[in-house]
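Subject: Structure handover

Hello,

Here is the structure I promised to pass on. My notes on it follow below.

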Amino acid sequence: MGPGRVICMKTCYNNLREFIEFLESKGDVKRIRTEVSSYLEISRFTDHESKSPDGGKALLFEKVRGSSFPVVTNAFGSPRRICQALGVDHLDQLGERIEKLLNMGPPENIRQFFHLVSSGLAMTQFFPRRHRKPHPPCQEVVHTGKEVDLSTIPVLHCWPLDGGPFVTLPLVFTRSLVTGKQNAGMYRMQIFDRNTTGMHWHIHKDGSHYYNEYCRAKKRMPVAVAVGTDPATTYAATAPLPRGIDEMILAGFIRQKPVYRTRCLTVDLEVPAEAEFVLEGYVDPGETRAEGPFGDHTGYYSPVDLYPVFHVTAITHRRDAIYSATLVGRPPMEDCYLAKATERLFLPLLKSMFPEIRDYWFPWEGVFHNIVIVSAEKEYPGQAQKLMSGLWGQGQMSFCKAIVVVDEAVDPKNPRAVLRELIRRTDIDSDIWIIRGVLDVLDHSAANPLFGAKIGIDLTTRVPGEPDRKKHTDVQIPSVSLSPVQGIELAGRSLKGIVSCYPLDEPGKNRIILFGVDKTPERGGDYFARGLQEIKELENYNIMILYDKEIELSDSSLVLWKLFNNVDPERDFYRKENRLIVDACRKGPAEGYTRKWPDDILMEQ
Ligand SMILES: Cc1cc2nc3c(=O)[nH]c(=O)nc-3n(C[C@H](O)[C@H](O)[C@H](O)COP(=O)(O)O)c2cc1C
């Protein structure tokens with residue numbers, strides 16, 4: 001994301017509508033005045049807009065068929081709007097504010113003491129407060145019991161193969177039965193009928209943990225969902241805070257003003273008083289229902305699975321409520337900007353635990369759980385591996401499938417610099433570390449859900465105590481340089497099923513070449529891996545990556561997205577001496593993959 005500075009930002013919005021007004025005053029909202037359908041049409045507009053340069057504008061759909069509520073989408077979806085949403089002119093400012101707090105060491109003199117006390121007191125002003133006025137805006141209109149009808153809300157059916165309409169920007173409030181603390185998390189909700197939805201909290205998330213507490217106690221779990229809050233509050237529900245820390249404190253800290261909450265009418269929970277909509281209800285322990293498929297932020301459909309059922313006992317809303325939604329899909333889309341905020345905000349916190357970290361970057365193609373590149377100051381042997389292990393043990397960083405560590409002098413946010421390091425340095429024998437651990441629920445590459453192979457790549461300079469990398473001189477470009485067309489001909493002579501190839505021009509100790517292959521039940525990854533190693537003309541290429549034949553190999557974002565998403569580093573890496581073949585194709589039973597391989601999300605299907 002570009003470092004562009006945002007001018008005339010506003011630090012605090014009381015609610016969603018103030019944020020929309022602000023964006024509109026900056027010419028950053030497109031109003032769609034013609035009537036549109038919440039079935040695929042709003043998402044088609046949104047898909048198109050979010051793929052325009054720099055994320056396009058926020059969209060306000062004024063007339064939605066069958067509903068009296070307007071819909072806003074893509075409100076966070078650009079480098080400028082995410083900064084405006086969080087009241088900063090650069091996302092690193094959020095981290096800088098956290099860093100200041102973390103650096104408040106023990107006072108060395110009276111002056112510092114008073115500074116510390118006043119900073120601590122200042123923090124408490126960001127804690128959530130009770131809305132004291134009699135009629136909170138979110139309860140201007142109240143529907144309870146039989147009046148509850150979710151179909152009045154213009155919930156989007158986002159993608160053609162989705163299992164139904166999904167609430168995509170819900171702030172789900174729950175309370176721990178053990179500690180009594182409230183949690184806010186964002187978990188999508190599929191509308192089942194007029195008063196029930198799915199509750200898609202992944203097994204690793206706090207909402208799911210609290211649900212387990214109620215299951216053990218065989219008690220009904222109260223749940224409240226706010227949709228359409230001020231942007232800092234919406235963002236906070238997505239932030240990976242440690243369990244037990246109220247996301248509303250983070251929201252208050254970001255917006256420099258507390259979140260005002262009000263009690264729900266039918267459940268014992270508190271929600272942001274200025275929300276556009278609130279759904280109140282409960283989840284019964286043990287009751288589950290099939291949810292999905294859903295076109296997810298991975299760019300693939302996440303599969304049908306059993307999740308708890310949310311029973312809605314009340315819908316309350318503002319008189320002229322605006323429904324807020326997002327569309328996720330193959331990156332970059334709106335959620336990338338929310339995740340970028342998390343990346344920048346959490347850097348100082350990670351640094352406080354791992355002081356060697358200088359910076360890090362989650363490439364969008366890695367959809368956040370698949371790869372992170374970390375630059376680190378290295379002082380002793382094994383420090384890169386120690387860092388990887390540490391990160392794999394930290395909260396939602398534990399979902400990360402691949403961690404690449406580079407020297408502190410390398411900018412991890414510069415893809416060319418990282419590629420250069422990879423090509424110049426990687427010793428296939430000794431720099432690649434494969435272990436097993438937790439995987440994100442949305443990882444589809446592993447043979448089984450939730451648990452599987454992870455890869456660490458250590459590209460740092462070796463220090464005394466670490467064995468040297470094998471000496472390889474820079475490989476010369478072969479005398480007959482392979483062009484994509486020549487490659488097909490060369491390889492095609494001796495190996496069936498190669499349909500295209502694309503050598504990368506970057507010179508170095510490693511040379512990379514991509515292949516498009518036509519897999520069949522008889523010709524799996526193993527067939528190509530063995531066959532390619534025997535082709536004489538390819539002997540100078542020691543890293544070969546296989547893609548399904550329809551993949552455009554010159555599209556760097558596409559090939560990275562497929563590589564990061566489709567590869568199980570244990571099953572799909574073929575290593576022999578200094579050669580590595582990686583199978584980034586879809587997998588099937590021939591490769592021991594018996595789950596259903598997910599479909600790519602496409603708007604026209
Ligand atoms: C648009 C959007 C949709 C999300 N949907 C889900 C979801 O359906 N299930 C889930 O477990 N996490 C989802 N997440 C990620 C969680 O909100 C995030 O991991 C958050 O930290 C969870 O909070 P918790 O740790 O308090 O449970 C979503 C994030 C965004 C930005």
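Let me start with a bend. Helix 9 has a kink of about 40° at Phe-346, shortly before the proline Pro-348. The bend at a residue is the angle between axes fitted to the seven residues ending there and the seven starting there. Helices (H or I, at least four residues) and strands (E, at least two) are DSSP runs, numbered from the N terminus.

Before the rest, the ground rules. This is a predicted model: local features need pLDDT of at least 70, side-chain atom pairs count only at pLDDT 80 or more, and totals for chains, interfaces and linings use all residues. Residues are numbered from 1 along each chain as its sequence is written, and side-chain values use heavy atoms, with hydrogens and water left out.

**Helix 9**

Helix 9 covers residues 334–353, 20 residues in total. The expected span is 1.5 Å times one less than the number of residues. Of the 20 residues, 16 are buried, so helix 9 is largely enclosed by the rest of the structure. Buried means under 20% relative accessible area, exposed over 50%, and partly exposed in between (1.4 Å probe, protein chains only).

**Helix 3 and the cysteines**

Helix 3 (residues 79–86) is mostly covered too, with seven of its eight residues buried. They are Pro-79, Arg-81, Ile-82, Cys-83, Gln-84, Ala-85 and Leu-86. What covers them? The cover includes helix 1 (16–25), strand 2, helix 4 (92–102), helix 7 (231–236), helix 8 (247–255) and helix 9. Gly-87 follows helix 3, and its phi is positive, near 70°.

Cys-83 has a relative accessible area of 4%, so it is buried. A search of the whole structure finds zero disulfides (cysteine sulfur atoms within 2.5 Å). Cys-138 is in no disulfide; its nearest cysteine sulfur belongs to Cys-264, 7.5 Å away. Cys-138 is buried, at a relative accessible area of 0%.

**Two loop serines**

Ser-67 sits in the loop between strand 2 (58–61) and strand 3 (71–73). Its relative accessibility is 16%, so Ser-67 counts as buried. The Ser-67 side chain reaches the backbone nitrogen of Phe-69 at 3.2 Å. A polar contact is a pair of N or O atoms within 3.5 Å; within protein, one must be able to donate a hydrogen and the other to accept it, and residues adjacent in sequence count only if both atoms are side-chain atoms. Not counting residues up to four places away in sequence, Ser-67 touches Thr-152, Ile-153 and Pro-154. Contact here means heavy atoms within 4.5 Å.

Ser-176 is in the loop between strand 7 (170–175) and strand 8 (182–185). Ser-176 is buried, with a relative accessible area of 3%. Its side chain reaches the backbone nitrogen of Val-178 at 3.0 Å. Residues up to four places away in sequence aside, Ser-176 touches Lys-181, Tyr-210, Glu-213 and Tyr-214.

**Val-405**

Val-405 lies in strand 21 (residues 402–407). At 1% relative accessibility, Val-405 counts as buried. Leaving aside neighbours within four places in sequence, its contacts include Val-374, Ala-376, Leu-387, Met-388 and Ile-457. Val-405 and Val-418 are 13 residues apart in sequence, and their C-alpha atoms are 9.7 Å apart.

**Aromatics**

How many aromatic pairs are there? The count comes to 17. Rings of Phe, Tyr and Trp (its six-membered ring) pair if their centres lie within 6.5 Å; planes under 30 degrees apart count as stacked, over 60 as edge-to-face and the rest as tilted.

Trp-392 and Trp-433 form a tilted pair, 6.0 Å centre to centre, with 50° between the planes. Trp-392 lies in helix 10 (residues 383–392) and Trp-433 in strand 22 (residues 432–438), so the pair ties together parts that are 41 residues apart in sequence. Trp-392 is buried at 9% relative accessible area, whereas Trp-433 is partly exposed at 29%.

Tyr-593 and Trp-597 form an edge-to-face pair, 5.0 Å centre to centre and 65° between the planes. Tyr-593 is buried at 1% relative accessible area, and Trp-597 is buried at 11%. Finally, Tyr-13, Phe-19, Phe-22 and Phe-76 form one aromatic cluster.

Best wishes
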